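Please keep the sequence and the structure in view while reading.

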Amino acid sequence: MDRVEAFNSLPAGQLEAELLAVCAAPAWGRAVAALRPYPSKEAVLAAADAGARSLSWPEVLQGLSAHPRIGERAQGDSKEAAWSRREQSTAASTGDDETKAALTAANHAYEDKFGHVFLIFASGRTQEEILAAARERIGNDEATERAVVTDELRKIALLRLERLLDALE
C-alpha cells in the first residue's frame, strides 16, 4: 500500500488525532479529512494548503495554542512536541547567549503587543535570522501580522503533513 492509500484508509479517529498533531486547528483537520480519498500526495497537500488559507483568526489562534515560544524546547512526548523540537533544532544549536537573551526579550515584546506567541517557520533558520524576523514583525500592525502568522502556520502544517505522509506505510 502506498502512503496516500494508507492516509486514505486511516480510521477517522486516528486520522483526526494525526491531523491535530500536524495543526491544532480542528477546522483544518476536518477540511483535510473531508476530501478523502485523495488520488495523490500533491492532492493531499493542495487540500491542506487551501484549508490553512481558509482558517478564521480564532481558528489560527487554536493552531497557535500548540506551539511553544520560539527558542523554548517543546515539552512532552507527543508527536507534535517532537516535530516542534525538530523544527527548532537548527535555531536551538545556533546563536550565543546574547542572541538567545535577545530572542527571549523579542518573544515577550511580541506577545505583549499581539497577545500570542511569535510563530515562524523555523526549519533551517538560525537564531539570528529568527531574531531579525521577530524584530521586524513587531513593527507590523495587527492585520498585517495576522496574515503573516496565518501563512507561517500554513507552512508549518504543510511540512508536518508531508512528514506524516512520509511516515505512513
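A residue is called buried when its relative accessible area is under 20%, exposed when that area is over 50%, and partly exposed in between. The model discussed here is predicted. By this scale Asp 166, at 38% relative accessibility, counts as partly exposed. Of the 169 residues of the protein, 46% count as buried.

The fold comprises 10 helices and 0 strands, so the pattern read along the sequence is α-α-α-α-α-α-α-α-α-α. When contacts between residues at least 6 apart in sequence are considered, 74% of them join residues at least 24 apart.

What holds the interior together can be approached through the nonpolar residues. In soluble globular proteins, nonpolar side chains tend to be buried together. Here the largest nonpolar core has 46 residues, and those with the most contacts inside it are Phe 7, Leu 19, Trp 28, Phe 118 and Leu 161. At least two residues of this core are supplied by each of α1, α2 (12-22), α3, α4, α5 (57-64), α8, α9 and α10. The largest share, 8 residues, comes from α10.

Which of its residues are buried? They are Val 44, Leu 45, Ala 47, Ala 48, Asp 49, Gly 51 and Ala 52. These buried residues pack against α1 (3-9), α3 (26-34) and α10 (142-167).

The loop between α3 and α4 contains Pro 37. Most residues other than glycine have a negative phi, and most peptide bonds are trans. The bond that joins Arg 36 and Pro 37, however, is a cis peptide bond, with omega about 0°.

The aromatic residues come next. A pair of aromatic rings is described by the distance of the centres and the angle of the planes. The structure holds 3 aromatic pairs. In one of them, the rings of Phe 7 and Tyr 38 have their centres 6.1 Å apart and their planes at 50°, so the pair is tilted. This pair links distant parts of the chain, with Phe 7 in helix α1 and Tyr 38 in the loop between α3 and α4, 31 residues apart. Phe 7 counts as buried because its relative accessibility is 0%, and Tyr 38, at 7%, also counts as buried. A further pair is formed by Tyr 110 and Phe 118: their ring centres lie 5.1 Å apart and their planes stand at 75°, so this pair is edge-to-face. Tyr 110, Phe 114 and Phe 118 form one aromatic cluster.

Phe 118 is found in the loop between α8 and α9, and at 1% relative accessibility it counts as buried. Leaving aside neighbours within four places in sequence, the contacts of Phe 118 are Ile 70, Asn 107, Tyr 110, Ile 130, Ala 133, Ala 134 and Arg 137. The loop between α8 (97-114) and α9 (127-138) is also the place of His 116, which counts as buried at 9% relative accessibility. With the neighbours within four places again set aside, His 116 is in contact with Trp 57, Leu 61, Leu 64, Tyr 110, Glu 111 and Val 149.

Side chains of opposite charge can pair when their charged atoms come close. The count comes to 9 salt bridges. Asp 166 and Lys 41 meet in one of them, at 3.1 Å from N to O. Because Asp 166 lies in helix α10 and Lys 41 in helix α4, the pair ties together parts that are 125 residues apart in sequence. Lys 41, at 25% relative accessibility, counts as partly exposed.

Arg 154 and Asp 49 form another salt bridge, at 2.7 Å from N to O. This pair too links distant parts of the chain, Arg 154 in helix α10 and Asp 49 in helix α4, 105 residues apart. Both Arg 154 and Asp 49 are buried. Arg 154 also meets Asp 151 in a salt bridge of 2.8 Å, N to O. Arg 154 and Asp 151 are separated by about one helical turn, because they are 3 residues apart in helix α10. Asp 151 counts as partly exposed, at 27% relative accessibility. Asp 49, Arg 53, Asp 151 and Arg 154 are linked in a network of salt bridges.

Definitions and conventions: Residues are numbered from 1 along each chain as its sequence is written. This is a predicted model: local features need pLDDT of at least 70, side-chain atom pairs count only at pLDDT 80 or more; totals for chains, interfaces and linings use all residues. Side-chain values use heavy atoms; hydrogens and water are left out. Buried means under 20% relative accessible area, exposed over 50%, partly exposed in between (1.4 Å probe, protein chains only). Helices (H or I, at least four residues) and strands (E, at least two) are DSSP runs, numbered from the N terminus. Contact means heavy atoms within 4.5 Å. Rings of Phe, Tyr and Trp (its six-membered ring) pair if their centres lie within 6.5 Å; planes under 30 degrees apart count as stacked, over 60 as edge-to-face and the rest as tilted. A nonpolar core is a set of buried Ala, Val, Leu, Ile, Met, Phe, Trp, Tyr and Cys residues joined through side-chain atoms within 4.5 Å. A salt bridge is a side-chain nitrogen of Lys or Arg within 4 Å of a carboxyl oxygen of Asp or Glu.
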